[in-house]
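Subject: Structure handover

Hello,

Here is the structure I promised to pass on. Please open it first, then read my notes below.

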Amino acid sequence: MNPEKVAFGFFIVLALTLNFGFFVGEIDNPDHHHAWELFFVVVVNMIATVLKFGDRTQMGAVLLATSLVAMLQLLAASLVWTIAVHATETGMTPSVMASIVSLSGGAMIANVVSVVLLVIETVLLRR
């Protein structure tokens, strides 16, 4: 068993599961989506993205692309949250929370594609 492959798979799947945990709940209810959870989703996705830089295959390029899409969506969600809470007087409204959760949903789709590609690559490996 290759420890690098285990860590790689672990962070890809963890990124998806944490993102799913943040995404689940009423889309406009801030009580169902915690800021710390979004923070951990961003951190784990960053780690997964960095781990994908070493692969020089076509599949590696697609995996990196999915990770970059997820990071873009999550950073946009974090930016919307930060601006809404700290830079405007309106604060966290249901429509702002719905935007944040929608952006994290886009990242989750990218993470699902990444996990599916990882499974496909694992199945196609020849010994």
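Which residues have the most contacts inside the largest nonpolar core? They are Phe-22, Leu-38, Leu-74, Trp-81, Met-97 and Ile-100, and the core has 16 residues. A nonpolar core here is a set of buried Ala, Val, Leu, Ile, Met, Phe, Trp, Tyr and Cys residues joined through side-chain atoms within 4.5 Å. Buried means under 20% relative accessible area, exposed means over 50%, and partly exposed is in between (1.4 Å probe, protein chains only). Helices α2 (35-51), α3 (58-87) and α4 (94-124) each give two or more residues to this core. Another core lies apart from it, with eight residues, among them Phe-8, Leu-63, Val-115 and Leu-117.

A word on the source. This is a predicted model, in which local features need pLDDT of at least 70 and side-chain atom pairs count only at pLDDT 80 or more, while totals for chains, interfaces and linings use all residues. Residues are numbered from 1 along each chain as its sequence is written, and side-chain values use heavy atoms, with hydrogens and water left out.

The overall picture

The protein has four helices and zero strands. From the N terminus on, the order is α-α-α-α. Helices (H or I, at least four residues) and strands (E, at least two) are DSSP runs, numbered from the N terminus. The C-alpha atoms fill a box of roughly 60 × 25 × 20 Å, taken along the principal axes. Of the 127 residues, 35% are buried. The accessible surface comes to about 7700 Å², and 71% of it belongs to carbon and sulfur atoms. Those areas come from the Shrake-Rupley method with a 1.4 Å probe; for residues, only the protein chains shown count as cover.

Contacts also reach along the chain. Among those with a separation of 6 or more, 70% join residues 24 or more positions apart. Contact means heavy atoms within 4.5 Å.

Charges next. There are 5 positive and 8 negative side chains, and the centres of the two sets lie 26 Å apart. Lys and Arg count as positive, Asp and Glu as negative; His and the chain ends are not counted. Each charge is placed at NZ of Lys, CZ of Arg, CG of Asp or CD of Glu.

The UniProt record

An unreviewed UniProt entry lists residues 7-24, 36-54, 61-84 and 96-120 under "transmembrane region". Its positions use the numbering used here, feature names are shortened, and annotations may be inferred rather than shown by experiment. In the model, residues 36-54 are 84% helix and 0% strand, with end C-alpha atoms 29 Å apart. Residues 61-84 are 100% helix and 0% strand, and their end C-alpha atoms are 34 Å apart.

Residues to look at

- Leu-74 touches Asn-19, Leu-38, Val-41, Val-42, Asn-45, Ser-104 and Ala-107, not counting residues up to four places away in sequence.
- Ser-114 lies in helix α4. Ser-114 counts as buried because its relative accessibility is 2%. Leaving aside neighbours within four places in sequence, Ser-114 is in contact with Ile-12, Lys-52, Leu-63 and Thr-66.
- Glu-121 is also found in helix α4. At 23% relative accessibility, Glu-121 counts as partly exposed. Glu-121 touches Asp-55, Thr-57, Met-59 and Leu-63, not counting residues up to four places away in sequence. Glu-121 and Thr-88 are 33 residues apart in sequence and 46 Å apart in space, C-alpha to C-alpha.
- Thr-82 lies in helix α3. Thr-82 is partly exposed, at 42% relative accessibility. From Thr-82 to Phe-22 is 60 residues in sequence and 16 Å in space, C-alpha to C-alpha.
- His-86 sits in helix α3. His-86 is exposed, with a relative accessible area of 66%.

Best wishes
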